[in-house]
Amino acid sequence: MNQAIVEISLVASLVAAACALPGCFLVLRRMSLVSDAISHTVLFGIVVGFLLIGDTRSPLLILFAAGSGILAVLISELLLKTRRVREDAAIGLVFPLLFSVAVIIITRNLSNVHIDTDAVLLGEVVFAPFNRAALGGINLPRGVWVMGAILLINLVLLALFYKELKLSTFDPGLAAALGFAPTVIHYGLMTSVSVTAVGAFDHVGAVLVVALMIAPPASAYLLTDRLSRMLLYSVLIAIASALCGYAVARALDLNISGTMATFTGIFFVLALLFAPERGLVAKTQQRERRKQRFAVETLLVHLNTHELSPDAARENSIPHLTDELSWQPLFAQAAVQRAREGGYISERGETLLLTPTGREIARQRLGITAG
Amino acid sequence: MNGILEGLSLVFTDYTIRNVVLGALILGTLSGTLSAYAVLRKQSLLGDVMSHAALPGIILAFILTGLRAPLPLFIGAIIAGALGTVFMRLVTSQTRVKEDTAQGVVLAVFFGFGMTLLSWVLRQNNVEHAGLDKFLFGRAAAIISEDVFLIGVIGFIALLLILVFWKEFKLVSFDPGYGRTLGFPIGALDLLMTTLLVVAVVVGLQTVGVVLMAAMIVAPGTAARQWTNRLHVMVILSALFGAIAGVSGALISASASRLPTGPVIVLVASLIVGVSILFAPERGLVWAWVRDRRSGDKLRAVAVLEALYQMGQHHGNPLQPHALPSIQAVVSGQNARRTLHDLQNNELVVQEVGSDRWALTQKGVEFLMTMLNNLRLEKARPSALHEAEGVAA
């Protein structure tokens with residue numbers, strides 16, 4: 001039993017890592033929903049492949065499935081090229097059609113064969129340990145070999161074409177001008193997405209493929225500005241989602257794929273809230289700090305303007321601030337407090353006086369250089 | 001065809017089929033109507049997202065109420081859809097994450113969470129949950145008259161809202177920025193439209209299921225867009241296409257055994273899109289192709305006539321016959337013989353008896369001059385234009 005848990009975790013981690021890598025580029029290229037289309041079209045490829053080959057275990061099915069993913073992309077691009085349909089609609093037309101054809105074929109011709117439509121959407125990673133394959137004397141679940149190979153392919157492709165992918169993603173115009181063949185890179189990426197979706201599909205189903213391809217890269221995108229780190233973080237987040245999801249699902253006896261997808265969402269929300277710089281919390285703090293600093297500077301400028309005038313005593317008193325700057329009394333007091341803590345002002349009775357540092361800041365703000 | 005007629009007669013006699021057909025009719029009309037707006041607003045995939053995002057709402061509503069009654073599940077779905085919408089808007093407005101990614105995250109995560117909840121419900125071994133999992137793929141046959149009544153009422157309210165807010169929705173669809181300057185609550189209207197979309201999606205879930213619902217929001221609007229540039233025509237056509245797809249899909253699947261309703265409906269809807277893209281007047285690809293061919297024919301004819309005329313000028317006689325190879329040499333890039341035969345049929349050129357030499361007729365010269373003048377007006381071929389002026393002078 002213990003070994004099964006380890007093996008399932010291993011398969012899930014491999015799936016997660018393999019999905020996250022191409023997923024980063026989908027997110028950056030604004031093609032996230034292509035993963036949805038491809039992962040659903042896989043069923044069509046498997047069904048057609050099965051009709052032609054007649055064996056659910058043939059490795060050729062994987063080729064058919066991956067091919068059908070690329071076919072879906074090709075057809076939707078063809079539709080797009082007619083300029084009668086927008087991009088979103090082109091994707092939304094093609095994959096339900098292919099999926100429908102697949103479901104009809106299954107219900108009409110293959111109802112006695114084990115292609116369970118429920119498993120299409122959900123997959124069953126728990127069965128991974130039962131389907132084994134030995135390679136070089138090492139006996140591991142077939143899923144480990146398949147997903148390991150797919151992950152390796154993705155890594156090798158990434159290493160080989162890192163520069164090309166990066167350039168064509170961030171500046172397609174320049175990439176084309178430099179002769180980097182954006183079409184080749186595009187279809188290379190689509191192939192990688194298809195193959196990964198097919199491999200992952202068996203274990204986690206179409207929906208988790210989308211979750212693992214999109215949510216971890218989206219989280220990583222909030223955490224960093226560097227592509228290399230984004231790739232690393234999204235792989236780590238994907239693996240963490242898979243492992244947490246599996247652990248929780250096992251403890252509470254829940255659907256594993258669903259729980260893993262839920263965890264990709266939890267990590268995304270965490271990144272959304274707490275990412276340094278880009279997180280909602282950090283942004284709120286930054287806004288608050290800017291507001292406070294601006295208030296202090298406004299106060300200093302106000303004091304500087306009036307400090308030499310005859311009615312300085314009245315102008316530069318706290319109660320007057322609420323009138324002239326339309327500040328709430330509490331806000332005014334807080335600004336005065338902060339200015340005092342910064343050593344920018346001192347007080348004589350009701351009147352606020354600028355310290356030399358405070359005057360210097362006020363003058364800088366007004367564009368007056370010292371001296 | 002017989003099968004469909006048979007299915008049609010069953011509508012009046014068979015309880016299940018009547019419910020399925022009525023359900024598909026309401027679904028098709030409603031999703032067709034909203035599809036028109038979704039396509040115009042470039043939000044075709046929102047239907048896909050919402051159909052997935054509704055799942056946790058449906059299951060949670062079931063857990064909270066313990067009922068498989070349609071109304072609570074409906075409300076749950078709408079709340080989940082609205083939450084998903086708000087979340088997507090928060091993410092796209094507050095971070096640099098783009099809309100497609102936000103949609104993907106909501107789609108997959110909400111659905112995954114729904115599956116988690118569903119597995120928990122199923123484990124409770126409650127008999128009442130029967131049929132909950134049918135939301136995934138839809139099970140049209142499970143529609144009962146209570147469902148039909150409910151979706152009928154809901155669909156009617158939704159269509160009524162669209163009529164009431166016709167002007168506002170038009171504005172939101174075409175120029176939200178202008179709408180905002182006029183003081184319309186664009187954000188609220190946007191949310192209302194999305195909510196109506198969620199309503200349509202939930203109506204469809206039972207019939208066609210999660211995956212295929214995407215097509216019902218994309219296809220009718222895309223098809224209708226091909227036929228017209230006017231919003232009201234487009235909305236009516238889109239509703240009509242949706243209804244046709246729904247009803248004929250339901251009838252076809254009723255007329256044969258083992259033909260699932262949802263996929264057949266999607267197939268019919270896709271067929272309507274295909275026909276529209278190919279044959280719709282003006283925008284149809286076939287007509288565009290014919291137009292291209294015709295203008296190509298015209299340009300080829302002018303080129304040959306022009307070649308004959310210019311070569312004739314060298315001999316001081318525009319009507320001088322010329323050998324085919326020399327004509328072909330001037331108009332490389334087309335099959336001169338085919339064009340000459342076409343021209344001969346129109347009596348614009350004549351072939352010299354017993355040889356392969358061709359000459360302009362007087363009618364051909366006149367035709368060439370008119371054509372060159374037309375071309376000059378159209379400014380279609382600047383290079384031809386200059387040559388033409390030289391020739392005509």
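This report walks through a predicted model with chains A and B, beginning with chain A as a whole and ending with a few single residues.

## Chain A as a whole

Let us start with the overall build of chain A. Its secondary structure comes to 16 helices and four strands. The radius of gyration of chain A is 30 Å, while the globule rule gives 21 Å for 371 residues, so chain A is more spread out than a compact globule. Along the principal axes, its C-alpha atoms fill a box of roughly 100 × 55 × 40 Å.

How much of chain A is buried? Buried residues make up 51% of its 371 residues. If you look at the contacts in chain A with a separation of 6 or more, 66% of them are between residues 24 or more positions apart.

## A hairpin in chain A

Next, find strand 3 (residues 345-348) and strand 4 (residues 351-354) of chain A, which pair in the antiparallel sense over four bridges. Within this pairing, Glu347(A) stands opposite Leu352(A) in strand 4 of chain A.

The two strands form a hairpin, with two residues between them. Gly349(A) is in the turn, and has a positive phi of about 60°.

## The sheet of chain B

Chain B has an open sheet of three strands, with antiparallel pairing and the order 1-3-2. Its edge strands are strand 1 (322-323) and strand 2 (349-351) of chain B, each of which pairs on one side only. Strand 1 of chain B is joined to strand 3 of chain B by two bridges, and here Ala323(B) stands opposite Arg357(B) in strand 3 of chain B. Strand 2 of chain B pairs with strand 3 (residues 357-360) of chain B over three bridges, again in the antiparallel sense. Across that pairing, Gln351(B) stands opposite Trp358(B).

Strand 2 and strand 3 of chain B also form a hairpin, with five residues between them. In the turn you will find Gly354(B), with a positive phi of about 75°.

## Helices on the sheet

Which helix of chain B lies across strand 1, strand 2 and strand 3 of chain B? That is helix 12 (residues 285-314) of chain B, and it runs at about 90° to strand 3 of chain B. Helix 14 (residues 336-345) of chain B packs on the sheet as well, where it touches strand 2 and strand 3 of chain B. The direction of helix 14 makes about 110° with that of strand 2 of chain B.

## Aromatic rings and charges

Over all chains, the structure holds six aromatic pairs. One of them is formed by Phe268(A) and Phe87(B), an edge-to-face pair at 6.0 Å centre to centre with 70° between the planes. This pair crosses between chains: Phe268(A) is in helix 11 (residues 256-274) of chain A, and Phe87(B) is in helix 4 (residues 70-94) of chain B. Are these residues buried or exposed? Both Phe268(A) and Phe87(B) are buried. Elsewhere, Tyr37(B), Phe165(B) and Phe169(B) form one aromatic cluster.

The charged end of Arg250(A) sits over the ring of Tyr246(A), 5.1 Å from its centre. Between the chains, the charged end of Arg96(B) sits over the ring of Tyr221(A), 4.2 Å from the ring centre.

Ser100(A) is part of helix 4 (residues 87-109) of chain A. Why does Ser100(A) count as buried? Its relative accessibility is 0%, and buried means under 20%. Leaving aside its neighbours within four places in sequence, Ser100(A) is in contact with Leu212(B), Pro263(B), Val266(B) and Leu267(B).

Thr85(B), in helix 4 of chain B, is buried with a relative accessible area of 8%. With neighbours within four places in sequence left aside, Thr85(B) is in contact with Met50(B), Leu191(B) and Thr194(B). Thr85(B) and Gln103(B) are 18 residues apart in sequence, and their C-alpha atoms are 8.8 Å apart in space. Finally, Gly152(B) has its place in helix 6 (residues 145-164) of chain B and is partly exposed, with a relative accessible area of 24%. Gly152(B) and Gly23(B) are 129 residues apart along the chain, with 7.9 Å separating their C-alpha atoms.

Key:
Residues are numbered from 1 along each chain as its sequence is written. Chains are lettered from A and ligands numbered from 1 in the order in which they are written. This is a predicted model: local features need pLDDT of at least 70, side-chain atom pairs count only at pLDDT 80 or more; totals for chains, interfaces and linings use all residues. Side-chain values use heavy atoms; hydrogens and water are left out. Rings of Phe, Tyr and Trp (its six-membered ring) pair if their centres lie within 6.5 Å; planes under 30 degrees apart count as stacked, over 60 as edge-to-face and the rest as tilted. Buried means under 20% relative accessible area, exposed over 50%, partly exposed in between (1.4 Å probe, protein chains only). A charge sits over a ring if NZ of Lys or CZ of Arg is within 6 Å of the ring centre and within 35 degrees of the ring normal. Two strands pair if DSSP finds at least two bridges between them. Contact means heavy atoms within 4.5 Å. Axes are lines fitted to C-alpha atoms, for helices over the stretch in contact, and angles run from 0 to 180 degrees between N-to-C directions. The radius of gyration is taken over C-alpha atoms; the globule rule is 2.2 Å times the number of residues to the power 0.38.
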